[in-house]
2 protein chains.
Amino acid sequence: MPTYQAPLRDYQFVLNELLNIYQETELKGFDEIDADLSDAILQGVADFATEIMLPLNSSGDVEGCKLLDGAVIAPKGFKEAYKQYVENGWGTLTCDPEFGGQGLPEVIGVFATEMKTSTNMAFAMYPGLTHGAYSAIHVHGSDALKQKYLEKLVTGEWTGTMNLTESHAGTDLALLRTKAVEAEGEGLFAISGEKIFISSGDHDLAENIIHLVLARLPDAPEGVKGISLFAVPKFLVNADGSLGAANTLCASALEHKMGIHGNSTCVMNFDGAIGELVGDAHQGLRAMFTMMNQARLAVGVQGLGVSEIAYQNALIYAKDRIQGRGLSGVKAPEMAADPILVHGDVRRMLMSQKAFNEGARAMMGQQALWLDKAERHNDPEKAKQASKLAALFTPIVKGFVTDRGFNACVDAQQVFGGHGYIHEWGMEQFVRDIRIAMIYEGTNGVQALDLVGRKILSDKAATLMQWSGLVKQVIAENMANEQMKPYIAGLMDSSGDLEKATQFIATHAEKNPDILGAASMAYMQILGITALAWMWTRTASTALAALEAGTTEAEFYQGKLKTAKFYMGYWAVQTRSLRKQIEASSEQLTQFEECDF
Amino acid sequence: MPTYQAPLRDYQFVLNELLNIYQETELKGFDEIDADLSDAILQGVADFATEIMLPLNSSGDVEGCKLLDGAVIAPKGFKEAYKQYVENGWGTLTCDPEFGGQGLPEVIGVFATEMKTSTNMAFAMYPGLTHGAYSAIHVHGSDALKQKYLEKLVTGEWTGTMNLTESHAGTDLALLRTKAVEAEGEGLFAISGEKIFISSGDHDLAENIIHLVLARLPDAPEGVKGISLFAVPKFLVNADGSLGAANTLCASALEHKMGIHGNSTCVMNFDGAIGELVGDAHQGLRAMFTMMNQARLAVGVQGLGVSEIAYQNALIYAKDRIQGRGLSGVKAPEMAADPILVHGDVRRMLMSQKAFNEGARAMMGQQALWLDKAERHNDPEKAKQASKLAALFTPIVKGFVTDRGFNACVDAQQVFGGHGYIHEWGMEQFVRDIRIAMIYEGTNGVQALDLVGRKILSDKAATLMQWSGLVKQVIAENMANEQMKPYIAGLMDSSGDLEKATQFIATHAEKNPDILGAASMAYMQILGITALAWMWTRTASTALAALEAGTTEAEFYQGKLKTAKFYMGYWAVQTRSLRKQIEASSEQLTQFEECDF
């Protein structure tokens with residue numbers, strides 16, 4: 001059974017040393033947080049995740065959810081654990097104090113999410129979706145709607161869902177058919193239709209579930225401009241806040257999935273179910289869009305979270321499992337064989353995971369801080385800048401991090417050999433669970449297209465140039481330092497490939513727009529690798545400074561330097577071939593006829 | 001539910017046009033085969049696989065195997081299908097005619113295996129393991145043992161297993177503890193111990209199961225030089241060939257696996273079970289080794305087979321599923337959206353799979369032909385050469401092809417979006433099933449080490465140089481042809497990277513042997529990519545010749561050319577970054593201390 005050690009020291013490093021969040025005094029509310037506070041909160045989440053959530057991860061996977069007499073039952077222990085989660089207030093961290101939240105920044109919340117995902121991704125999705133519903137109503141809902149729903153969503157006494165997908169309408173929401181018509185009562189609508197793949201769609205953890213549902217009004221324009229968002233409760237809510245009659249909706253089936261069995265992924269049927277508009281009519285997609293950066297960050301964090309626990313357990317196994325002898329001679333003569341950690345290829349897999357996890361963690365922190373700046377910065381211009389950077393990197397933290405997080409889990413499983421393939425070690429579950437993160441909340445192909453099309457080309461690469469300025473700044477600041485050479489060299493190589501790839505796409509897209517799609521995935525990988533090279537260069541610079549200043553934690557900072565060097569040699573070099581892929585194959589992809597397949 | 005169309009035209013292309021196997025008159029038995037015969041056989045297997053095996057693939061996965069009262073029951077329908085398999089003689093294809101086999105070459109058998117794996121990998125493993133047991137006894141067994149077991153193994157009336165792994169001894173068989181002591185009766189031994197991960201370990205498909213078991217004799221030298229191989233039947237076999245008493249062995253548990261649920265992977269307990277030596281005492285590992293090239297080819301073919309069916313279904317889905325519009329404009333104005341095949345990233349995934357599958361198929365054919373030459377060539381010198389080439393490429397067909405086959409299945413699943421994650425479409429099963437191929441029969445890390453250590457360095461790269469000669473020959477033969485330029489350029493690029501990577505490793509391995517392990521995986525990828533570039537260059541040359549000569553199948557050959565070009569632009573370019581990984585990160589991997597992880 002997998003174990004877990006929350007990477008609390010690394011959180012401190014990212015928050016306090018790398019991003020210096022406690023110096024961000026221009027951000028509203030940041031003056032109220034300090035290292036002690038974040039330490040205490042993250043330690044609290046770590047304890048809950050490790051002691052309560054982790055023990056339910058494997059059993060939840062084996063047992064799965066059950067649909068009995070029209071109601072979904074979560075796996076054994078989930079209900080009790082969720083009750084404790086609510087009582088401890090873990091759902092309230094980043095929510096608005098006006099509705100009972102603690103008002104903490106995303107840059108702390110993101111690491112709480114990481115720990116929850118590491119220990120039990122399926123469980124973490126119940127509050128995860130609730131937070132999504134909270135955000136939608138918080139940003140777009142009327143005051144009446146906020147009063148009705150937010151406090152209960154913040155505490156987690158009620159949970160939430162997002163009902164977007166229909167069997168024929170996934171990426172392309174323009175095709176959706178769920179209908180809303182005016183119903184009796186002011187501002188009420190009756191929603192009818194079938195939604196699929198609805199995470200946390202029904203369950204026995206909470207007394208009510210607030211479904212956010214995309215549907216079309218009768219007078220709606222065609223396509224995505226005619227979609228409205230509705231809040232549709234499982235049980236109607238009386239004026240005094242008490243629960244009324246059951247709404248006319250139900251989970252008609254549970255999906256049979258590859259993983260995340262502990263989360264109830266439902267087919268939802270709405271049969272004239274009563275709901276209210278969230279935001280204006282026909283503006284549902286816009287409401288979705290404003291939540292996207294946060295929701296996609298949350299999914300990206302899943303890629304990191306599951307990769308982290310998979311790595312930790314692969315490392316323990318590699319130190320413990322003895323098999324064969326080191327190529328350079330016997331390393332553990334007292335044993336019948338050496339621990340497999342001595343083998344170069346096992347090290348390669350573990351180092352690759354470690355370099356990815358720590359780099360991605362730093363990037364997640366950076367992205368969360370941009371989101372915080374966008375929302376909280378005193379200076380509207382700086383808020384806007386941060387918002388644009390966050391939008392640019394949203395496909396990276398979602399698409400790149402879940403792609404590579406999946407690969408890292410596959411590598412971690414591989415370290416276990418045959419034992420990785422059987423259930424009892426837990427590694428195959430990590431692979432099955434995290435696979436969904438590459439698909440939902442916009443497939444990674446959609447992320448890549450969003451990046452190249454909307455975030456680069458439509459923006460005329462302005463935000464990219466702004467970020468390149470930050471990269472050049474790091475290079476300039478560290479250029480004189482002889483010890484920084486290897487890191488800067490790696491960062492310059494990959495950012496050079498990024499620049500050339502950007503130029504290639506910009507040059508060719510006009511006469512052959514299809515090239516955007518053909519080149520997008522390789523481009524997203526190049527930007528992702530370069531972004532982590534940027535974080536690793538800053539990490540190396542921070543670590544060198546700490547060592548120079550004198551520290552009792554020399555091993556920690558030396559480890560950062562070694563890992564940064566490995567990142568440059570193993571990860572950053574990948575951009576060269578990716579750029580060649582774009583240049584050499586994109587045109588062919590667009591010229592391939594249907595009959596050629 | 002997935003469908004399947006056997007790639008019979010591609011088999012013809014590989015056998016008849018690319019490898020010209022019907023001209024190989026110096027190979028014993030090849031004069032008896034012609035295109036009509038192979039067409040008929042492959043068509044027969046295709047029908048059986050498609051009509052009988054495929055319908056049981058998903059149900060077998062859902063139902064799995066059951067252990068009831070000490071006996072394992074295969075999923076519903078497997079017993080009947082297997083009976084038919086035996087009656088049709090599909091197990092006999094490549095077996096020795098002396099024992100009822102058809103004596104067909106591997107180069108035909110390998111494609112029969114591909115189709116069986118495509119349609120039902122778990123089912124195909126029952127005859128697959130039987131063939132392994134057949135080979136071990138055929139090559140190493142005494143005449144008495146052959147008389148006792150081979151005919152029934154050839155027909156498939158009895159099945160076979162390979163019992164190597166113990167819970168603490170996987171890759172490192174030196175650690176194994178299963179014991180064999182002399183028993184009453186001439187040449188009989190009593191075997192005691194526990195084996196894990198035993199595919200097809202027990203089941204109700206056949207009336208007897210012949211377990212090949214590695215164990216130690218009392219006087220055995222330590223380590224791998226003290227391991228012997230025994231044939232241990234489930235039911236003892238009387239002198240007249242009839243079945244006697246049950247042997248003292250049993251399946252004590254079924255492993256709970258990520259996939260291949262239809263195959264009974266057992267924990268086997270041997271409690272003084274009666275068996276006979278296969279080959280000489282203490283020579284068990286050598287017996288395993290001689291079977292390795294064939295067994296690893298069979299596992300590699302799984303990587304291709306599952307990738308092929310995953311690709312076919314992803315392509316069908318991509319043509320059928322409508323979502324969004326093409327970037328260069330509406331492609332299907334009569335529909336509410338365009339088929340997703342118009343999207344560049346969907347094409348990229350499908351093309352990558354297609355280029356891999358067809359390239360790997362050609363390589364599998366080449367490898368099987370080398371194995372045939374090794375066994376059947378009139379000229380012992382040429383047989384020896386072919387044997388060496390087959391040994392060199394064994395880690396490629398196993399390690400590289402299953403790695404990339406797995407990735408291809410993940411891509412195929414990705415094409416389905418959310419539908420790829422749920423069971424009913426079958427795509428997630430392909431990913432779960434094929435994952436094991438990267439692990440068993442020697443993990444892919446072990447393959448990579450075998451390649452770099454045993455096949456390259458210990459050989460002083462002599463066989464590699466011999467193969468490089470073949471590559472240079474293809475380049476020289478096509479150099480003058482202007483139309484061959486793009487393919488030759490790609491082949492030269494990747495083989496150049498291969499050469500430099502080889503030199504780097506050779507230079508550094510002496511003073512730092514650990515670098516072999518650290519560099520091995522990237523090296524295996526470089527050689528694998530270059531090998532497929534070699535096959536694609538030959539394919540392009542063959543296709544151009546056919547077009548020049550005039551053909552009614554212009555589309556088929558044009559498709560080959562386009563795919564070859566894509567391979568060079570998308571796949572062959574990957575070697576550059578892989579070489580940089582070796583040069584930049586191998587040293588760091590070996591210098592990383594345990595405390596740095």
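Begin with both chains in view: in this predicted model, chain B can be laid on chain A with an RMSD of 0.0 Å by a turn of 180° and a shift of 0.0 Å along the axis (copies are superposed by least squares on the C-alpha atoms of residues with pLDDT of at least 70 in both). That is the relation of a two-fold axis. Local features need pLDDT of at least 70 and side-chain atom pairs count only at pLDDT 80 or more, while totals for chains, interfaces and linings use all residues; side-chain values use heavy atoms, without hydrogens and water. Residues are numbered from 1 along each chain as its sequence is written, and chains are lettered from A and ligands numbered from 1 in the order in which they are written.

Next, select Ser577(B). Its C-alpha lies 2.7 Å from the rotation axis, the closest approach among the residues of chain B. Of the interface residues of chain B, 100% are also interface residues in chain A, so the copies meet through the same surface.

**Annotated spans of chain A**

Select residues 79-157 of chain A, where UniProt places "domain: Acyl-CoA dehydrogenase/oxidase N-terminal" in an unreviewed entry. UniProt annotations may be inferred rather than shown by experiment; the positions follow the numbering used here, and feature names are shortened. This span is 73% helix and 0% strand, with its end C-alpha atoms 12 Å apart. Helices (H or I, at least four residues) and strands (E, at least two) are DSSP runs, numbered from the N terminus.

Move to residues 162-271 of chain A, given by UniProt (unreviewed entry) as "domain: Acyl-CoA oxidase/dehydrogenase middle". Here the chain is 0% helix and 47% strand, and the end C-alpha atoms are 17 Å apart.

Then select residues 472-591 of chain A, listed by UniProt (unreviewed entry) as "domain: Acetyl-CoA dehydrogenase-like C-terminal". These residues are 88% helix and 0% strand, and 37 Å separates the end C-alpha atoms.

**Helix pairs**

Two packed helices are described by the angle between their axes and the distance between the axes. Axes are lines fitted to C-alpha atoms, for helices over the stretch in contact, and angles run from 0 to 180 degrees between N-to-C directions.

In chain A, select helix H12 (residues 462-478) and helix H13 (residues 485-509), which pack at about 155° with axes 11 Å apart. That makes H12(A) roughly antiparallel to H13(A) (an angle over 145 degrees). Residues in contact have heavy atoms within 4.5 Å. From H12(A), Leu464(A), Trp467(A), Val471(A), Ile475(A) and Asn478(A) meet Ile488(A), Leu491(A), Met492(A), Ser495(A), Leu498(A) and Thr502(A) of H13(A). The contact of H12(A) with H13(A) has 8 nonpolar, 3 polar and no charged residues. Ala, Val, Leu, Ile, Met, Phe, Trp, Tyr, Cys and Pro count as nonpolar, Asp, Glu, Lys and Arg as charged, and the others, Gly among them, as polar.

In chain B, turn to helix H5 (residues 106-140) and helix H7 (residues 284-320), whose axes come within 9 Å and cross at roughly 175°. H5(B) and H7(B) are therefore roughly antiparallel. Their contact has 12 nonpolar, 11 polar and 4 charged residues.

Finish in chain B with helix H14 (residues 514-549) and helix H15 (residues 554-572), packed at an angle of about 150° with axes 9 Å apart. That makes H14(B) roughly antiparallel to H15(B). Their contact divides into 17 nonpolar, 5 polar and 1 charged residues.

Methods: Angles under 35 degrees count as roughly parallel, over 145 as roughly antiparallel, 65 to 115 as roughly perpendicular and the rest as oblique.
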